[in-house]
Amino acid sequence: MLTKRIIPCLDIKDGRTVKGVNFIDLRDAGDPVELAEIYARSGADELVFLDISATEEKRKTLANLVRRVAEKVNIPFTVGGGISSVEDVDILLKNGADKVSINSSAVKNPDLINELAAKFGSQCITVAIDAKQVNGEWLVHLVGGKVPTDINLFQWAKEVEERGAGEILFTSMNNDGTKEGFANEALAVLSSELNIPIIASGGAGNMQHFCDTFIEGKADAALAASVFHFKEIEIRDLKEELRRNGVEVRL
Amino acid sequence: MKIVIIDYGAGNIQSIKFAIKRLGYEAILSSDTEEIKSADKLIFPGVGEASSAMKMLKSTGLDKVIPTLKQPVLGICLGMQLMCTYCEEGDTDGLGIFHADVVKFDNQLKVPQIGWNKIYDLKSDLFTGISEGEFVYLVHSFYVKECAETIASTEYGVEYTSAIQKDNFYGVQFHPEKSSDAGERILENFLKVTQPNTIK
């Protein structure tokens, strides 16, 4: 049986990890490669690298980082952040990324999803959607959740699937940073209406939240950053807890 | 040992090259027929869509070369699927090495299957040191039906072939280069195959 995935997310700026990490065994706390290796060894199923730098040098730095990660890490990883063209994706995949994640660029230019899926295959195209519930309606937000649109989350998700995305990474802006759990109601709707895997993101605070998002939210994978970086949750403990709750995991 | 990764423009071959390097070997990428024929071990990768990948193989003449190879060949993911008789994806004939068809997963399931799943009924030296039920990483929408040449199975709505072997030809649906320590062991086992062996 296919297992549920646990995915730590690393924020990257100019080739270095951004959010503080609390790994005393790290020689260099800012080195994404070393952090990635530790996560791979500790039972993470995949990794996501989200590049938040905005300089001209960015593409080259990111491509170098991707290459260094691919050299060392023996689990799959996704790279996202500022990807807006076929060329951007090509360079990342050629350097060893397994998947790329696109977000705002897909909203601005939905045909990009079709182009990428046709050229590289759906399996390596993740579309990230940031959304916030406003007056009862889930609306897609851009630029890391800062800019609202009038696009409905569920309609957009359906369109993304039809255009050829292989997977959706859904972040609830209402839950992100709260540590009060994932947006399970919206996730369950996404998961039942769509036929591609859904990654839950935003709100992880404790192990129960992960159980809930897999069971109630019907998520296929769950992504989190700080609870892992600050060692509030050890991935192995989390997986044992999930298994005790009847959730299939790789242990 | 000369390890060649067959390069026909399909997919993420860098990761395979890096995985082989982590095992202490060097692999070269090549689309050159002579280079391929003189290799000790060959990796036949592939990611993407079946009919366009077959077109690329035909345009380089590799579709004629690969079935005649005598040294151990490992097809990975789409590479394995292309070595089969027929691929439903793009309605294309494969290389006809493995006697099985490749069909799409049932629509009731999430497709592609993305993630870690178990391999079992292991029947080859490829799996020396690998436990029944080991987890491997898979990303695919089409699967190889079970057949006499199946050497590992996986369940995703249906029991299907996750590894296959005929003489010197091996295929794995999963990505050994992305399947953590178990994947590296399977890749290492392949690199250590001394002569084509038959199914146990």
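For "active site", an unreviewed UniProt entry lists C77(B), H175(B) and E177(B). UniProt positions are given here in the numbering of this structure, with shortened feature names, and annotations may be inferred rather than shown by experiment. The three residues span 101 residues in sequence, yet no two of their C-alpha atoms are more than 11.1 Å apart, so they gather at one spot.

This is a predicted model: local features need pLDDT of at least 70, side-chain atom pairs count only at pLDDT 80 or more, and totals for chains, interfaces and linings use all residues. Residues are numbered from 1 along each chain as its sequence is written, while chains are lettered from A and ligands numbered from 1 in the order in which they are written.

C77(B) sits in the loop between β4 (73-76) and α5 (78-82) of chain B. Helices (H or I, at least four residues) and strands (E, at least two) are DSSP runs, numbered from the N terminus. C77(B) counts as buried because it has 26 C-beta neighbours inside 10 Å. A residue is buried if 20 or more other C-beta atoms lie within 10 Å of its own, exposed if 12 or fewer, and partly exposed in between, with C-beta atoms placed from the backbone. Leaving out residues up to four places away in sequence, C77(B) touches G46(B), V47(B), H140(B), Q173(B) and H175(B). Contact here requires that the C-beta atoms of two residues, placed from the backbone, lie within 7 Å.

E177(B) is placed in the loop between β13 (169-172) and α6 (180-191) of chain B. E177(B) is buried too, with 28 other C-beta atoms within 10 Å. Again without residues up to four places away in sequence, the contacts of E177(B) are S15(B), I16(B), A19(B), G183(B) and L187(B).

Among these contacts, S15(B), I16(B) and A19(B) belong to the buried part of α1(B). Helix α1 of chain B covers residues 14-22 and is mostly covered, seven of its nine residues being buried. The buried ones are Q14(B), S15(B), I16(B), K17(B), F18(B), A19(B) and I20(B). Just after this helix, G24(B) takes a positive phi of about 95 degrees.

S180(B), in helix α6, has a phi near 55 degrees, a positive value in a residue other than glycine. With 23 C-beta neighbours inside 10 Å, S180(B) counts as buried. V111(B) and P112(B) are joined by a cis peptide bond, with omega about 5 degrees. P112(B) lies in the loop between β7 (101-104) and β8 (113-119) of chain B.

Chain A has an annotation of its own. For "active site", UniProt lists D11(A) and D130(A), again in an unreviewed entry. D11(A) is found in strand β1 (residues 5-13) of chain A, and D130(A) in strand β6 (residues 125-134). D11(A) has 18 C-beta neighbours inside 10 Å and so counts as partly exposed, whereas D130(A) has 25 and counts as buried. Beyond residues up to four places away in sequence, D130(A) touches N103(A), H141(A), G144(A), G145(A), T171(A) and M173(A).

A positive phi of about 60 degrees occurs at K179(A), although K179(A) is not a glycine. K179(A) lies in the loop between β9 (167-172) and α7 (184-193) of chain A, and counts as partly exposed with 15 C-beta neighbours inside 10 Å.

What about the packing? In the largest nonpolar core, which has 145 residues, I168(A) and A222(A) touch the most other members. A nonpolar core is a set of buried Ala, Val, Leu, Ile, Met, Phe, Trp, Tyr and Cys residues joined through C-beta atoms within 7 Å. Not counting residues up to four places away in sequence, A222(A) touches I6(A), I7(A), F182(A), A200(A), A204(A), F210(A), T213(A) and F214(A).

The contact between the chains takes 27 residues from chain A and 25 residues from chain B. On the side of chain A that touches chain B, α2 (58-72) and α3 (86-94) each supply at least two residues. That side has 10 nonpolar, nine polar and eight charged residues. Ala, Val, Leu, Ile, Met, Phe, Trp, Tyr, Cys and Pro count as nonpolar, Asp, Glu, Lys and Arg as charged, and the others, Gly among them, as polar.

Helix α2 of chain A also contains K72(A), which is partly exposed with 14 C-beta neighbours inside 10 Å. K72(A) touches V33(A) and E37(A), not counting residues up to four places away in sequence.
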